[in-house]
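Subject: Handover of a structure and the findings made in it

Dear colleague,

Please find the structure below, handed over for your study.

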Number of protein chains: 2
Amino acid sequence: MSDNTVLIRNLSDHESSEVRLLGWIEKRRSSGKIGFLEVRDGSGTVQAVISRAKVDEATWQAVQDVTQESTVAVVGTVAADARAPSGFELHATSVTILSLTEDYPITPKDHGTAFLMEHRHLWLRSSRQRAILRVRSEVSHAIRDFYSERDFVLIDSPILTPAACEGTSTLFATDYFGEPAFLSQSGQLYLEPAAAAFGKVYCFGPTFRAEKSKTRRHLTEFWMVEPEVAFLEFPGLCDLAEEFITYLVARVLDRCAEPLKRLERDQSKLESVQGPFPRMRYREAITTLADHGKILEFGDDFGAEEETILANLHDRPLMITHYPAKAKAFYMQPDAEDEDLALALDVIAPEGYGEIVGGSQRVHDHELLLRRIKQHDLPEKAFQWYLDVRKYGSFPHSGFGMGLERFVAWMTGIPHLRESIPYPRMLHKIYP
Amino acid sequence: MSDNTVLIRNLSDHESSEVRLLGWIEKRRSSGKIGFLEVRDGSGTVQAVISRAKVDEATWQAVQDVTQESTVAVVGTVAADARAPSGFELHATSVTILSLTEDYPITPKDHGTAFLMEHRHLWLRSSRQRAILRVRSEVSHAIRDFYSERDFVLIDSPILTPAACEGTSTLFATDYFGEPAFLSQSGQLYLEPAAAAFGKVYCFGPTFRAEKSKTRRHLTEFWMVEPEVAFLEFPGLCDLAEEFITYLVARVLDRCAEPLKRLERDQSKLESVQGPFPRMRYREAITTLADHGKILEFGDDFGAEEETILANLHDRPLMITHYPAKAKAFYMQPDAEDEDLALALDVIAPEGYGEIVGGSQRVHDHELLLRRIKQHDLPEKAFQWYLDVRKYGSFPHSGFGMGLERFVAWMTGIPHLRESIPYPRMLHKIYP
């Protein structure tokens, strides 16, 4: 590599200097006298301008021959240009084709989603996909910064697990040296013992659901962040979720201006995501839904339609709490004032993006948890270690889970989760 | 929770004030007049001193009754104490047992490793395990900071994959809606197409090897970080690995002083990890080994013993390059000066910790890669998308992988990987 090779992102440091770029051609056009190449190098995109009168024949020929997604080396002088999106263009003196691309499958014309999904490895190069995945990368790092700044210890929970958190019907199974094992749906059970060691812990890794349904809101493999905090009770859990979401949204607004602009995201919708979030109990939600013509009985779960009705009443995330215990997981702490209710929290994103956070205070009484495990027909022996957390120095504690892809879909304003992850896994979809 | 509840880590902000702590008893001792409780809350450990003359009967009784790993609430005044590890102790006025622990399985006496591994969920509470996992948590975040600061985009590679990176003999398999799928051993193949979109990318997630061997250096589930950089050639790859390792070691020394002290880690061994690292070609390594009585033939792989001999010649990581192509993976770029050699890099940690980094420049010529896939009897169709990276705008690129657990074992000076991860997965070991 020549010494003056620079990244497009850093062009402003080299105004009026000669530099060399290595990248891919996004577009080319040329008249008899002047050529324009849009060059992408991953850090940014810049236009190279080639004047036939000022370059040798080989360079001019390269400008004529080069095709979309060919790899090139371009040498030229960096010039400020107020009209350019990056503020600069390159007055090129030499263009070399490093690898000529023929018949690139994704052309500027419209392609069907099935086709694009089959070519996901190439689709990633499009400006829209790059914008979405840059937001994802920033959100991922922001999630880790949030917990690190608050002295949470990262506890990577295992993927290979012997028992299921919430039943086995939607689990991927594998043979573990002769024993059955399952891919984890949640790290929560593994976080709770660690909370007794570190107080505040979190995990953030891939989780798996063998969902046989095809919806725009589900993936079979997705990333989930789960904090778990010792001695944190339910009101504190709701506060933590609110602080977390507002932190992430502010970070996206602060650091992802360019991708959000590319995605034509209405940023005012994100700017209104400020605390305090509206909080509503399940019973109140039922009443509100009835007012909007949706009659649900106590105990019914909310579907996407109900979530959207409730979410549309607010310009920021809605917290729904105190769900019927029977509709929720076995480990959720009952409300002391009404044992039929669970100290459970769901956070519904605005704009129809659905549930982004689900959490609860956990049962910390050993006898109650044992009873629940039996009631749910769960194998007591497999949960012995989980029961131990209540047997040896039990403590009230709470936590939640947030799916990364739903959050990213909301931030980027995309309708389907499949674009929120580099290589989506869905029903019958595992290639590439 | 009472308003004056604080974390032990923050006691210095409350000198001479009355505070409340919530935590677990690590140790208790008591005479007829004075009691001492070591309280852990996850953020730290502090000694509470209880003077019988100054507390009510209920508190004094609690001090007598309380046991190891019982949960307590302690109210008292924060007092500076130069002898205390934290610099403070608590002059307690009230002690309440929140949950009394009976027969805690892990006592201060020695336990066998098998017993501790069966009780991993409780073993996490020990000061040694906490120290190791705090280092792990810090290293994980440092890894992400390193790449984030250098504008790498995080590309989470999929766990569920249809094809194998390097053969299927050590893969965990699952049924993916009727199709066979495998748990990923590496994200590399998925990073390479993304490098054409973003230039610099990395992944960092769990990877899986169904190794049927039981060694202190292997886990079946472990976390690996893998950067991949477009237009980066082999010398730059070696520089990146060196910069990365020195960054991480400096960060551990800077931020993990307390855990390293607890682990009695010889920090001078880490302080000497400065660039430049010694670099040695495979042929030179063979000659050096022969000088030390180890006769290997060209093409032989290095085992743990050979690695240790070579590593012990240096006080910092050793980079071994230019391995025989036949001993290395199909996607490694041949050395232009000797086609029998691969532009491959292994980094061997000092002190016998073995290989921590393995990487290479990748083949970017379409025809050569196709030939290699055929030579290795790999299913060409499954690699079609990977070949596409060479078909459409090919580019030289390089990357490496680093296993988190080996790095953490080295930093913390522990002999076995099983303590470097919260819930280790090994041959026949998947509980808890």
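Predicted model: local features only at pLDDT ≥ 70, side-chain atom pairs only at ≥ 80, totals over all residues.

I begin with a single residue. A:T161 counts as buried because its relative accessibility is 3%; buried means under 20% relative accessible area, exposed means over 50%, and partly exposed lies in between (1.4 Å probe, protein chains only). This residue is part of strand β7 of chain A, which covers residues 160-161. Helices (H or I, at least four residues) and strands (E, at least two) are DSSP runs, numbered from the N terminus. Leaving aside residues up to four places away in sequence, A:T161 touches A:A181, A:F182, A:S184 and A:Y190, and from chain B it touches B:R425 and B:I430. Contact here means heavy atoms within 4.5 Å.

Residues are numbered from 1 along each chain as its sequence is written, chains are lettered from A and ligands numbered from 1 in the order in which they are written, and side-chain values use heavy atoms, with hydrogens and water left out.

Next, the relation between the two chains. Chain A is superposed on chain B by a rotation of 180 degrees with 0.0 Å of shift along its axis, and the RMSD is 0.0 Å. The two copies are therefore related as by a two-fold rotation axis. The same surface serves both copies, since 100% of the contact residues of chain A recur in chain B. Copies are superposed by least squares on the C-alpha atoms of residues with pLDDT of at least 70 in both. Within chain A, the residue that comes closest to the rotation axis is A:T174, at 2.5 Å (C-alpha).

Finally, strand β15 of chain A (residues 338-349) is mostly covered, with 9 of its 12 residues buried. Two strands pair if DSSP finds at least two bridges between them.

- Strand β13 (residues 318-324) of chain A runs antiparallel to β15(A) and is joined to it by 6 bridges; A:Y323 has A:A342 as its bridge partner.
- Strand β14 (residues 334-335) of chain A pairs with β15(A) in the antiparallel sense over 2 bridges, and these strands form a hairpin with 2 residues between them.
- Strand β16 (residues 354-361) of chain A pairs with β15(A) in the antiparallel sense over 6 bridges; A:V347 is bridged to A:V357.

Yours sincerely
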